[in-house]
Amino acid sequence: MSGTPDAKRHKPNNASTSVVGSALKKKQPPGPDYDKGIKYWDNVDASVDGVLGGFGTGPVPHVEQLSSRLLLLSLLPSLSPFPNPLTPTPSPPPPHRRTALDVGAGIGRVTRTVLLPLFDDVVLLEPVDKFVREAYRQAASGEWRDLPRIGVQPTGDDEMKMAAWKEDKRRVEESKQRRGKRVRVIKRGLQGLDPKYPSEGGEEIGIAGEKREGEEGCDVDEVIYDVIWCQWCLGHMNHPDLVAFLKKAQAALRQGQDSYIFVKENCCDDAPGGEPQEFLDEEDSSLTRSSAKWLECFRDAGLEVIREEIQQGMPEELFVVKT
């Protein structure tokens, strides 16, 4: 396994512009090469530092995931089971299990730290084999706090091991008193995906966690979502494929209730005059779009932008991250 490649999405500079590639022309633009993108990520370590391009050991992951959770809670305050300024008196949970979809999920970092703490079920999709299997291994082994497991009770006088075992036991008992949480892990890319039928054209890796008996969960053939989360992955789709995916994603949202598609991606500057533009990264074969280009994609998909936020606390050498 090779080491982590240089962080993608660096801003171009006078010394070298090869990291970002060339601005795409409006006439017959080259699009992302899906196989080339998979090959790139196959050479990235299946770790937080790997999927974050070398920024996984500093403050970036913590700042980024906290911002995502706060944004979710600001739009869906009922997700919080605890009293807070947005919901001093939390609402009782809905009759359905709140379900989120995490596409291009890598090793499950967003599912683990952002979605699973707030939702009952998460469907996790990732096309890179070693990433999706590492996500399932972590989820099924009890490494994720919201999917606790009780191991064998330790023997001997090791107080730290015994304390850890007791904490795992407490969390499992607490989970059983609630609805329980689950993650359905599927090896599947975005090309041709219909979120309602996430396993079509993909490989079921497994389901981690447990749900309350008698409740319908995320293991049904047709899944309806409260939230669809897309982060640092839509650049691997050309414009027509992206628009088609967003239209299908909208159709997979729960109707008549608060439900949203979240898109969190790096953005380059608009072209002169505020015109939309996009750059092709030749290394991983993905597109970095400008804000105007993203708005064009959303309009073409029939979507309305409810809110736009800039991610604070990111390294200055990276393109701005917007949700």
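Predicted model: local features only at pLDDT ≥ 70, side-chain atom pairs only at ≥ 80, totals over all residues.
W232 is partly exposed, with a relative accessible area of 23%.

Where does W232 sit? It is in the loop between β5 and α7. Its phi is near 50°, a positive value, and W232 is not a glycine. That deserves a second look. Most residues other than glycine have a negative phi.

There is another case. S285 also has a positive phi, about 55°, and again the residue is not a glycine. S285 lies in the loop between β7, residues 278–281, and β8. Is S285 buried or exposed? Its relative accessibility is 4%, so it counts as buried.

On to β8, residues 286–290. T288 lies in this strand. T288 is buried too, with a relative accessible area of 4%. Its C-alpha is 6.5 Å from that of N266, although 22 residues separate T288 and N266 along the chain.

Now the helix, α7. It runs over residues 239–251. That makes 13 residues, and the first C-alpha is 19 Å from the last. The expected span is 18 Å, at 1.5 Å a residue, so α7 comes close to it.

Which residues of α7 are buried? They are H239, L242, V243, F245, L246 and A249. Looking down the axis of α7, these buried residues fall within an arc of 160°, so they line one face of the helix. An α-helix has 3.6 residues a turn, so residues three or four places apart point the same way.

What covers that buried face? The cover includes strands β1, β5, β6 and β8, plus helix α8.

Last topic, the second largest pocket. Its volume is about 640 Å³. It has 29 lining residues, and the closest to its centre are I261, F298, E304, V305 and I306.

Which elements build the lining? α3 (60–75), α7, β6 (260–268) and α8 (291–300) each supply at least two residues. The largest share comes from β6, with six residues.

Note on methods:
Residues numbered from 1 in each chain as written. Heavy atoms only, no water. 1 Å grid on protein atoms, 1.4 Å probe; cavity = no way out; pocket = protein on both sides within 12 Å on 5 of 7 lines; lining within 4 Å. Points joined across faces, edges and corners; volume = space filled by probe spheres on them. Helix = DSSP H or I, 4+ residues; strand = E, 2+ residues; numbered from the N terminus. Buried < 20%, exposed > 50% of the residue type's maximum accessible area, 1.4 Å probe, protein only. Arc of directions from axis to C-beta. Contact = heavy atoms within 4.5 Å.
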